[in-house]
Amino acid sequence: MATPVVDNPGALGLPYSDPPQRRAPRTSLKLRNALVGWTFVLPNFAGFAVLTLIPVLLLFYYSLTNWNIFGNADWVGLDNYARLIGDKSFHVALGNTFYYAAFHIPLTIAASLGLALLLNQKLRGAAFFRTVAFFPYVTSIVAVAVVWNMLFSPEYGPINQFIGLFVGGELPGWTVSKDWAMPAVIIVGTWRYMGYYMLLFLAGLQTVPAELHEAARIDGASVWQRFWNVTLPCLRPTMFFVTVMVTIESFKVFDLILVMTEGGPGQATLVLSQYIWQKGFEQFELGYASSVAVVLFLICIGVTVVQFLYNKRRDA
Amino acid sequence: MAARPTALRKTGRVLLYLGMIAAAAGILLPFAWMVISSLKTNNQVFTAPIEWVPDPFRWSNYVDIWIKGDMVTWVRNTMTVSVVVTVLQVVTGSFAAYGFAKTRFPGRDALFLLYIGTIAVPWASYMIPQFQMLSSWGLANTLYSIMLLQAFGAFGVFLMKQYYESIPDSLCEAARIDGLSEYGIWWRIMLPLSVPALASLTIITFVTTWNDYLGPLIYLRDRELWTIQLGLQRFVGDYNAEHALIMTGSVLSVLPIAIVFLLGQRYFIQGIATTGVKG
């Protein structure tokens, strides 16, 4: 018999096959694998898309309308954004958001790194301390705010009683004073989050090679020199990650301020997220609130992208 | 000569311990003050100098709060929401994480990037359109809204994906050759192997949902739907001058979380540390 000519050599289990006919089953296998992958992702992604992605997209549309409580959402183009330029309250909120970030970011990084370095010494009770430092982060913002507001009471509050032991004269009015409300909020924010970042730093410190420290010690490097020249460079990836996270978190600040001061006194602690809330849910100017929300969105994304680019350039 | 370094080291140790104790005391002080005040009368809460030991211990605050506030309703609502959210988050999160970590499909990496991107997006920026959407479906002012709000976050997907990636692919390969389907691999191999990560995710999700304040604030209007955070906040408004009672409520709102956290803090800390480091 001559070489058999069959339509589908693969079906006969022959050792060769011509390419076009093998491609078909392979594509269907690929398709099947893709389908399997999608079914895994889909249940979560569906919820994520509907509850997060679509609202984010809608936000941009609404920011270009005069949507209000009566339900009309007429296209107004960039009118809302033009209005932002002359809106004093918006300027205050923008300024306060940066005020909070400018202090919260460095304070939190310094405090959490300090705690992590302290704990990285092999001390007995370190595990207990880690739990303690982390505790403020898991407690509810309402309880936290309520307690701190009482601690900050200007006249009889424990904090001013304590300060009064050392300093005379007028004591800070904290949450009821225009000048001191923001510092009070920053203190509480730092207290609440430093345990979280401490944990990230601790994990980072585990990656610093002990031999490097040993070598530096033998070369006569002081504690400070070793921190500066050995620990910090090794900690750079962690430092970058923590900085990005603290930055995002501080621009997001919302519930802490809403519960502690409601943006007051006056507008002393009004931040962007709360201004969105006021415009949207209290004054029902939903279109205008959306344009403020777009600004907040762009700031958060923008700052993060800049940080990533900067980090990449330093890596290169 | 030899004595100097050891003496120095000893002082160093002592200083480190003092530092640690001082920091711990400072961090815990607000909680200590909260608990102490919850056992006082209103007049005793603010005294100069501070009364560190209540005299007498006023335990009745812990009875009164159940009468004056709707503690039972609040706890029941919060518990319902937290349990449902945790189950949804853990199941869909670990399921999706398997898809991202161990299967290949076009668009997979782009999709995952989308999840990561939302870390930088504040909820405040899209809460208005989200509220509008859920309201139009008639879900505002129901507990379902809070469940939906929390259940599909990116966090669960991250955490589980990080963990699954540490499980060798060869294990999945072997299972595939043995004829197990992908779903079978997830259910019979991945889930049992990822118990520590599942525990982290469970605790973190439960605690976050329990503590959520903004979601309920926007969505829940009826008294009988209030969660513990919302209830406590409104209670503070209504009983403005009852400092001691407010502290009692705060203690009660923190207590369940304190217990959950202390029981699972090992997992909790592990979970945060692993998601954090690799980002």
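Colleague: Let's start with B:Trp33. Leaving aside its neighbours within four places in sequence, which residues is B:Trp33 in contact with?
Modeller: From chain A, B:Trp33 is in contact with A:Val147, A:Met150, A:Leu151 and A:Pro158. In chain B, the list is B:Val45, B:Phe46, B:Ile50, B:Trp52 and B:Met247. Keep in mind that this is a predicted model.

Colleague: OK, and which residues touch the most other members in the largest nonpolar core?
Modeller: B:Trp33 is one of them, along with A:Ile276, B:Met127, B:Tyr213 and B:Phe268. That core counts 146 residues.

Colleague: Which helix of chain A gives the most to this core?
Modeller: That would be helix α7 of chain A, residues 181-205, which puts in 16 residues.

Colleague: What about a second core, how many residues does it have?
Modeller: There is a separate one of 21 residues, and A:Val36, B:Ala97, B:Tyr164 and B:Leu201 are among them.

Colleague: Switching topic: where is B:Leu198 found?
Modeller: Look in helix α11 of chain B, which covers residues 195-211.

Colleague: Is B:Leu198 buried or exposed?
Modeller: Its relative accessible area is 16%. Buried means under 20%, so B:Leu198 counts as buried.

Colleague: And which residues is B:Leu198 in contact with, neighbours within four places aside?
Modeller: Those are B:Val90, B:Ser94, B:Met160 and B:Leu191.

Colleague: How are B:Leu198 and B:Tyr163 separated?
Modeller: They sit 35 residues apart along the chain, and 9.5 Å lies between their C-alpha atoms.

Colleague: Let's zoom out to chain A. How many helices and strands does it have?
Modeller: Chain A has 13 helices and 0 strands.

Colleague: What radius of gyration does chain A have?
Modeller: Chain A has 29 Å, while a compact globule of 316 residues would be near 20 Å. The C-alpha trace of chain A spans about 115 × 75 × 35 Å along its principal axes.

Colleague: And how much of chain A counts as buried?
Modeller: 51% of its 316 residues. As for the accessible surface of chain A, that comes to about 15,800 Å², with 65% belonging to carbon and sulfur atoms.

Colleague: Last one, how many positive and negative side chains are in chain A?
Modeller: You'll find 20 positive and 17 negative ones in chain A, and the centres of the two sets lie 12 Å apart.

Key
Residues are numbered from 1 along each chain as its sequence is written. Chains are lettered from A and ligands numbered from 1 in the order in which they are written. This is a predicted model: local features need pLDDT of at least 70, side-chain atom pairs count only at pLDDT 80 or more; totals for chains, interfaces and linings use all residues. Side-chain values use heavy atoms; hydrogens and water are left out. Helices (H or I, at least four residues) and strands (E, at least two) are DSSP runs, numbered from the N terminus. The radius of gyration is taken over C-alpha atoms; the globule rule is 2.2 Å times the number of residues to the power 0.38. Buried means under 20% relative accessible area, exposed over 50%, partly exposed in between (1.4 Å probe, protein chains only). Accessible areas come from the Shrake-Rupley method with a 1.4 Å probe; for residues, only the protein chains shown count as cover. Lys and Arg count as positive and Asp and Glu as negative; His and the chain ends are not counted. The place of a charge is taken as NZ of Lys, CZ of Arg, CG of Asp or CD of Glu. A nonpolar core is a set of buried Ala, Val, Leu, Ile, Met, Phe, Trp, Tyr and Cys residues joined through side-chain atoms within 4.5 Å. Contact means heavy atoms within 4.5 Å.
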